[in-house]
Amino acid sequence: MFSLLLQVLSFITFICYIASSAAAFMMVPLLEFLMAVFLFFAYASKLNEKFKGICWPLSDFLRCVTAAIIYFAISIAAVSKYADGASKAAGVFGFIATVVFAIDFYITFNDLVTFLKQGNSSNDNEAQKSEDENSDSDSD
């Protein structure tokens, strides 16, 4: 849902950092843009169903949390330390991206909790079945 918006915000922030004197910060939006594109295509091509060994909701949650924290930190630095307009614009887009990432990690956290509950309930059902099969008691 927010994937396209996050990709656009990351790309715009990347372009602003390239044009500014705060070009040292350009790597964060670039990497975040590439990770968002990868996860978008992974979900679109159903890679999450093919590779069961990876906990996809957890990886998406960790990406959102780290991106929100790092975007917030570099946005503060870009706005307070650099005076040119492109740095200020990159900082403002970074703050907007921080809010969108925070909303996305809240939604992703709810998906992660649901995913983990489904995993626990299937494990509990299998454990209950094996206990019932191994029981030697007669109910008569």
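This is a predicted model: local features need pLDDT of at least 70, side-chain atom pairs count only at pLDDT 80 or more; totals for chains, interfaces and linings use all residues.
Tutor: A nonpolar core is a set of buried Ala, Val, Leu, Ile, Met, Phe, Trp, Tyr and Cys residues joined through side-chain atoms within 4.5 Å.

Student: What share of contacts between residues at least 6 apart in sequence join residues at least 24 apart?

Tutor: That share is 71% in this chain.

Student: How should I check the span of a helix such as H1?

Tutor: Take 1.5 Å times one less than the number of residues. The 17 residues of H1 (residues 3-19) should then span 24 Å, and the end C-alpha atoms are 25 Å apart, so the two agree.

Student: Which residues of H1 are buried?

Tutor: They are Leu6, Gln7, Leu9, Ser10, Thr13, Phe14, Cys16 and Tyr17. In general, an α-helix has 3.6 residues a turn, so residues three or four places apart point the same way.

Student: Now the largest nonpolar core: which residues have the most contacts inside it?

Tutor: Tyr17, Phe25, Tyr71 and Phe101 do, in a core of 18 residues. H1, helix H4 (56-81) and H5 each give two or more residues to this core. H4 gives the most, with six residues.

Student: What is Tyr17 in contact with, leaving aside its neighbours within four places in sequence?

Tutor: Its partners include Phe25, Met26, Pro29, Ile74, Ala78 and Ala90.

Student: Which residues form a nonpolar patch on the surface?

Tutor: The patch consists of Phe11, Ile15, Ile18, Met26, Met27, Leu31, Leu34 and Met35, with about 710 Å² of accessible area together. H1 and helix H2 (27-44) each give two or more residues to the patch, and H2 gives the most, with four. Take Ile15, a residue of helix H1. Its relative accessible area is 41%.

Student: How do I read the charged residues? Which side chains meet Arg63 in a salt bridge?

Tutor: Side chains of opposite charge can pair when their charged atoms come close. Here the count is three salt bridges. Arg63 pairs with Glu32 at 2.7 Å, N to O. That pair links distant parts of the chain, with Arg63 in helix H4 and Glu32 in helix H2, 31 residues apart. Arg63 also meets Asp60 at 2.9 Å, N to O. Those two are three residues apart in helix H4, so about one helical turn separates them. With Asp104, the closest N and O atoms of the Arg63 salt bridge are 3.9 Å apart. This pair joins helix H4 to helix H5 across 41 residues.

Student: Is Asp104 buried or exposed?

Tutor: The cut-off for buried is under 20% relative accessible area. Asp104 has 9%, so it is buried. Arg63 and Glu32 are buried too, as is Asp60.

Student: What does Asp104 touch, not counting residues up to four places away in sequence?

Tutor: Asp104, in helix H5 (residues 85-134), touches Phe2, Leu6, Arg63 and Cys64. Asp104 and Phe61 are 43 residues apart in sequence, with their C-alpha atoms 8.2 Å apart in space.

Conventions
Residues are numbered from 1 along each chain as its sequence is written. Side-chain values use heavy atoms; hydrogens and water are left out. Buried means under 20% relative accessible area, exposed over 50%, partly exposed in between (1.4 Å probe, protein chains only). Contact means heavy atoms within 4.5 Å. Patches are made of residues with over 30% relative accessible area and no salt bridge: like charges are joined within 9 Å, nonpolar side chains (Val, Leu, Ile, Met, Phe, Trp, Tyr) within 5 Å. Accessible areas come from the Shrake-Rupley method with a 1.4 Å probe; for residues, only the protein chains shown count as cover. A salt bridge is a side-chain nitrogen of Lys or Arg within 4 Å of a carboxyl oxygen of Asp or Glu.
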